Structure formats: structure tokens, C-alpha cells
Amino acid sequence: MAISVGQTGQTSVRSEPNVVPMIDIMLVLLIIFMIVTPLIAAGFKATLPKGKNLDPRPEGENEVVLGIDQAGRYFLDGRPLPAGTLEDQLRSRFASRTEDKILYFKADNQLKYAKVQEAVETARKAGVRVMAAITEPSKAGIFQLDKKKEAK
């Protein structure tokens, strides 16, 4: 509450809240949340699932396979690509396809996730509609596959 003194010496009480301290606190909280939120998102660690390929199948002739090695170099169908040409190569491959715009994706398990995300975004820009991850079978999956073969 504020007290004001009139011209004749009379005091009157006004019931107006002083919102300046509340605004200061809200601005400080806003700044704190703006700084902390990206740090929380950047610290997120993702563990990708293990593949359990019970029916192994090699890549076909008409399938486009993008590979990324541990150093971050791109390989399209096993052939290395020059740096910066991934989007153009994918765009030329998928421009003539009308039905299946599927890209099969292999990446080294030690590769930083930012590199994988960059490849996915580049593929989307190039016209890829579906991406499928190719994984190596886990040890348990191989063991189960061997047991099924022995049982037959």
C-alpha cells in the first residue's frame, strides 16, 4: 500500500499493489529458465536399441544404403562420397523413384548422435520419405537363431 499526502496535509491510503518487485523476480526466473532449459536438453543421452534380426537378409540391388563410419564420412551403397555432396547425391537417386523412397541407414555405434541427426535431416531435405536402420544382430539374437536351426 502507498500513502500519499494531499495538499491540505491529509493522508490517504491507496490500495494499489507495488508490482515492480514481482516483475523483477519474474524476469530473473525467465532468464534462469532460458539458460537452464537448453543445458538440460543438451545433456540428454540416448541409448539406441540393439537389433535382434531373427531373419537375416542382405541388402538388395535396388535398395539405397547410406553408411557413416566412425570418422563421420558418408558412404552411399559402399562408395565414399565427397564432403558436402550427400544431399545432391540422394536427391538425384530419389528424384526418379515414384513408389519407394526408402533409405537404409548404417552408422557406426561410436558415432556422435549429432552426425546421425544431420544425415537424417539432409536425407529428409533430399526427398527421402522413410528411413530404416540396419543393425547388427545382438549376441542373444544369433544364439536364438542357431537354436531354431538346430531344432529343425
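1. Start with the α2/α3 pair. In this predicted model, helix α2 (residues 86-95) packs against helix α3 (residues 113-125) at an angle of about 40°, and their axes are 8 Å apart. The axes are lines fitted to C-alpha atoms, for helices over the stretch in contact, with angles running from 0 to 180 degrees between N-to-C directions. The two helices are therefore oblique to each other (under 35 degrees counts as roughly parallel, over 145 as roughly antiparallel, 65 to 115 as roughly perpendicular, and the rest as oblique).

2. The crossing of α2 and α3 is right-handed, meaning that the near helix is turned clockwise from the far one by less than a right angle. On the α2 side, the contact (heavy atoms within 4.5 Å) uses L86, E87, L90 and R91, while α3 brings T122, A123 and K125. Sorted by class, that gives 3 nonpolar, 1 polar and 3 charged residues. Here Ala, Val, Leu, Ile, Met, Phe, Trp, Tyr, Cys and Pro are nonpolar, Asp, Glu, Lys and Arg are charged, and the others, Gly among them, are polar.

3. Have a look at T122, which sits in helix α3. T122 is buried, at a relative accessible area of 16% (buried is under 20%, exposed over 50%, partly exposed in between, with a 1.4 Å probe and protein chains only). Setting aside neighbours within four places in sequence, T122 touches L86 and E87.

4. Now the whole chain. It has 4 helices and 7 strands, where helices are DSSP runs of H or I with at least four residues and strands are E runs of at least two, numbered from the N terminus. Their order from the N terminus is β-β-α-β-β-β-α-β-α-β-α. Of the 152 residues, 19% are buried. Among contacts with a separation of 6 or more, 61% join residues 24 or more positions apart.

5. On confidence: pLDDT (the predictor's confidence in each residue, from 0 to 100) averages 75 over the chain, with 67% of the residues scoring at least 70. Helix α3 has the highest mean, 89, and helix α4 (residues 139-151) the lowest, 51. Over residues 43-49, pLDDT stays under 50, and the model has 0 contacts there beyond four places in sequence.

6. Ground rules. Residues are numbered from 1 along each chain as its sequence is written, and side-chain values use heavy atoms, leaving out hydrogens and water. Local features need pLDDT of at least 70 and side-chain atom pairs count only at pLDDT 80 or more, whereas totals for chains, interfaces and linings use all residues.
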